[in-house]
Amino acid sequence: MSEDRRFPDYEAKWQAAWAESRNRKASEVHSKGDKDFYVLSMFPYPSGRLHFGHALPYTLTDAIARYKRMNGYNVLNPMGWDAFGLPAENAAIEAVRRGEKNVHPARMTYDSIATMRSQMNAFGYSFDWEREVYTCKPDYYKWTQWLFLKMHERGVAYRKKARVNWCPDCKTTLANEQVETRVKDGDEYQACFRCGSAVEPREIDAWFLGITRYADRLLQGLQDLAQHWPELVTSQQRNWIGRSEGVNIDFAIELRAGASGSGPLKPPAPEGTESSGVQREKLPVFTTRADTAFGVTFLAIAPEHPLVDKILKLVDTRTHKRLVDFVKETLNMTEQDRASGDEKEGVATGMFAVNPLNGDKVPVFVANYVLMYGTGAVMAVPAHDERDHEFAREYRLPMKQVVAPAPGSEEQVDLKAQAFTAPGVLIDSGAFTGLPSAEAMARIGADLKARSAGGPVVNYKLRDWGVSRQRYWGCPIPMIHCPQCGVVPVPEKDLPVTLPDDVDFLPTGRSPLTLHPSFQHVKCPACGAEARRDTDTMDTFVDSSWYFLRYTDAHNAKAIFDPQKAARWMPVDLYVGGREHAILHLIYARFFNMFLHDLGLVQAPEPFSRMYAHGLIQGESRRVVTDEMDRYVTEEELKRLLDTGKATPEDVVRRIEKMSKSKLNGADPTQLVAQYGADAVRLTILFMGPAESDSVWEKDAIKGPYHFLRRWHDLALSSAPLVEDLPEMGPDCRMNAAATKLRFASHSLIEKARTEFEGRFALNTVIAKAMELVNDMRAFIAAENLAGPCKNASDPSLASRWTLAECFDILARTMAPFVPHTAEEVWHALGGKQSVLDTPWPAADPAALVLDEVELPVQVNGKLRGTIKLPAKADKATMEKLALENENVKKFVEGKAIQKLIVVPGKIVNVVAK
RNA sequence: GCGGAGGUGGCGGAAUGGCAGACGCGCUGGACUUAGGAUCCAGUGGGUAAAACCGUGCGGGUUCGAGUCCCGCCCUCCGCACCA
């Protein structure tokens, strides 16, 4: 495409003009009591430069915000920075290692922010910068710390020793949610979500947030959100919370000194029960299949089960060694690693446990397939559970069938081959024999409860959230460790606990703050003794769990926010973000909001009324694999390689992937803005497809939208004389058919845009409609032979000119949310005085949306055979008549008897003939 | 295995149960040009001389009429996955 500087030029002009009259962009232009709308796109991590991953949601929310403003809303559309975090720290570490001076995560962060903010401004986004928040500034993280204290007061934040996921590369711990399964060379492993390194388990003292106590409410809340949140997100959260209803059954384990796991697994003779130091201890197991409880043939406990230590003290040396080795080996894997392994292994403890339902004594194993979920112990029913079946076969343990297929079912039971896991009817189950599974579960649960041997319980997969990070660039945890008083919270008046600047942040595996000379030295607020500050910082997901509330009162120095102000805007009417945050951020944010709701600071229990998950803009990568090389290349480099014969087309692997630097498949939106203008890029992003689906950036994608903007602008300039200073239309001035049709098109555009902005945001179809209108206008001008200025009120072309002028007006106003610069430019070129952004959204004239004459399809036996033109209000009889008169229809009906005539007024005629 | 999304021209994508392929890219032809990777005009699912006919992953069904609704499959992508 040739150089055309007009877009960048007039865009700069209008951006400057808007900056002058900035209060238009403030969130509260209209007086209180008016309609409020809070639209929010997830704030970015300041990674350095804006990329398409940002441009899509910001363009979308900007268009929506502008649309809402034109409709008279006060719109809150803020922007801020998720500014703490590892990438800046890692980049600083790299820079230090390269020998650079004066590098600091803070500086890199603020530099990134400055760059990205100016890039956003170049896009013409109408963010309310007055409310900008930075999570890394003390005026913000003071309140993150305050929240932590509030949670601590209520026992929601607590400290415990825990096995955590440790990333050896980032040198910090990760939350469960931040560990993902990856595959390399066919092997699955557990990886850090950030850098991809394999995580290792570690035992560590850490702070946890008790999200599990909100599990049920978080789950319940999803029901209300279901209507306005993507199923994709709610179902993932439901899955993650993982509620399961079942029954706890208290087995009684007999701890016997000198027990041995070797040899045959026979319970000891009953006479020894009272002597020889037998201790009975309760061992509850959790099951969702209480109906199979009479089929238990052994118990299995997790290697980290607390009972393991007790057992170790009692068993003989051989069993002891086997157990210790097994537990050690298993615990050396991460929990998820263990889960992905396919071999079920275990060690017999030599202990036996009594089934409270039938008195059976069954052996107890420690097994690698049992997780510390539920009670960390399972009753194994090989006949009716695949995992137990597998284990039982491996170790030749007995199976006992207690459920038979329901009468009339064709299911077969073949326990040698596999477990029978379907529900059915109980057999060999004492008093419960003959009951269907569902009823048996309920009865057994009730029975156990009555006998105080367990009962119905609910379990969750969700675990508490470990938030301690052994890194520097994060929010300090406002806690003090006193040798006398233990853990003491920093008094509120001493907040914030400021993150010092002068810290050696090179990774050592210990928190960098421990190396700072003065940070950790502090007097205990309770007793005044020498104490030590907590030197860990918080997971950055904590920072981002409440930022949407801070926007409602961004500069409050006295409180986290004014509940009144929060109440005005919250909940967020529309929250736009990527699917990758379906569980992490979105569940944490809901949790925090619920906590604040419980404190009485927030009215609505849910923070986001509507969530919109946008797709990814991906790029095509080119990877060349030959004997000499295996790497990603740019399009240019590929061309060179092919031209010089260093690679053949067969060596090239093209893939659609998420844009990334290493894959050389990214496009820089800001560079495109410089070349084609912000409006062209904005329009292209929205035109590529519905925003919720992924799409691929192709370098030619911008051509259509760019072309459209130019045609519209050209048309406006060349048509200005046709539509300027038109006289009033007299009462006898009638529009001809072409004008009526054109007017229908322009008013349809208003309607279409309104529908999409109020509904599903398929803005690509709105843009298509606008393109169509420009095409129609051009054709109209040519067909009507419009030229030169309008002479006077009796000029016969007046009605057509008036229609055309209205089209320009509608086009500028409906497109203003999408392409504000071009809309403004065109608006002024055609004599607009105020800013088009300040004009109200156009109202569609219902009269214009009704056509006098329509063209309708006529089918014969369901196949299209012709069309008829007729007045829109034509009755059925007219439609029938015209349809049957149609030449082509006649041809197909000929020689057949008309059996039926389907006539749908305004839609279709279908002739059924045999 | 479980959960979610999806499968429509060469491509991105349109279609309240009612003319499949809007709009755009690309392509073909033409116009204007010293030139065209600019602009404008026309055409563009397959098929045919023109029709007929065939076309929305596959197979059934409901209906006057199905891309759309129902039943049964196949495939792709995403998330979760020994959760008892």
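Everything below comes from a predicted model, where local features need pLDDT of at least 70, side-chain atom pairs count only at pLDDT 80 or more, and totals for chains, interfaces and linings use all residues. Residues are numbered from 1 along each chain as its sequence is written, and side-chain values use heavy atoms, leaving out hydrogens and water.

View 1. Leaving aside residues up to four places away in sequence, Phe 591 touches Met 151, Val 156, Leu 209, Gly 210, Ile 211, Tyr 214, Leu 218 and Trp 465; a contact is heavy atoms within 4.5 Å.

View 2. Helices (H or I, at least four residues) and strands (E, at least two) are DSSP runs, numbered from the N terminus, and two strands pair if DSSP finds at least two bridges between them. The strand order is 6-5-9-19, with antiparallel pairing. Strand 6 (172-174) and strand 19 (465-466) are the edge strands, each pairing on one side only. Helix 5 (residues 138-153) touches strand 5 (157-167) and strand 9, and its direction makes about 85° with that of strand 9. Such angles run from 0 to 180 degrees between N-to-C directions of lines fitted to C-alpha atoms, for helices over the stretch in contact. Strand 9 (residues 200-209) and strand 19 share two bridges, and Phe 208 sits opposite Gly 466 in strand 19.

View 3. Strand 34 and strand 35 (residues 908-913) are antiparallel, over six bridges, and Ile 902 stands opposite Asn 910 in strand 35.

**View 4. The hairpin of strands 23 and 24.** Six residues separate the two strands, and Gly 528 in the turn has a positive phi of about 80°. Strand 23 (residues 521-523) pairs with strand 24 in the antiparallel sense over three bridges, with Val 522 bridging to Ala 531. Strand 24 (residues 530-533) also pairs with strand 21 (residues 479-482), over two antiparallel bridges; here Ile 480 has Arg 533 as its partner.

**View 5. The largest cavity.** A cavity is a set of points, on a 1 Å grid over the protein atoms alone, where a 1.4 Å probe fits but cannot get out, and lining residues have an atom within 4 Å of a point. The volume is about 100 Å³, counted as the space filled by probe spheres set on the points, with grid points joined across faces, edges and corners. Of the 13 lining residues, Gly 85, Leu 86, Arg 469, Met 538 and Thr 540 are the closest to the centre. Helix 3 (86-97) and strand 25 (537-538) are the elements that give two or more residues to the lining.

Conventions:
Chains lettered and ligands numbered in written order. 1 Å grid on protein atoms, 1.4 Å probe; cavity = no way out; pocket = protein on both sides within 12 Å on 5 of 7 lines; lining within 4 Å.
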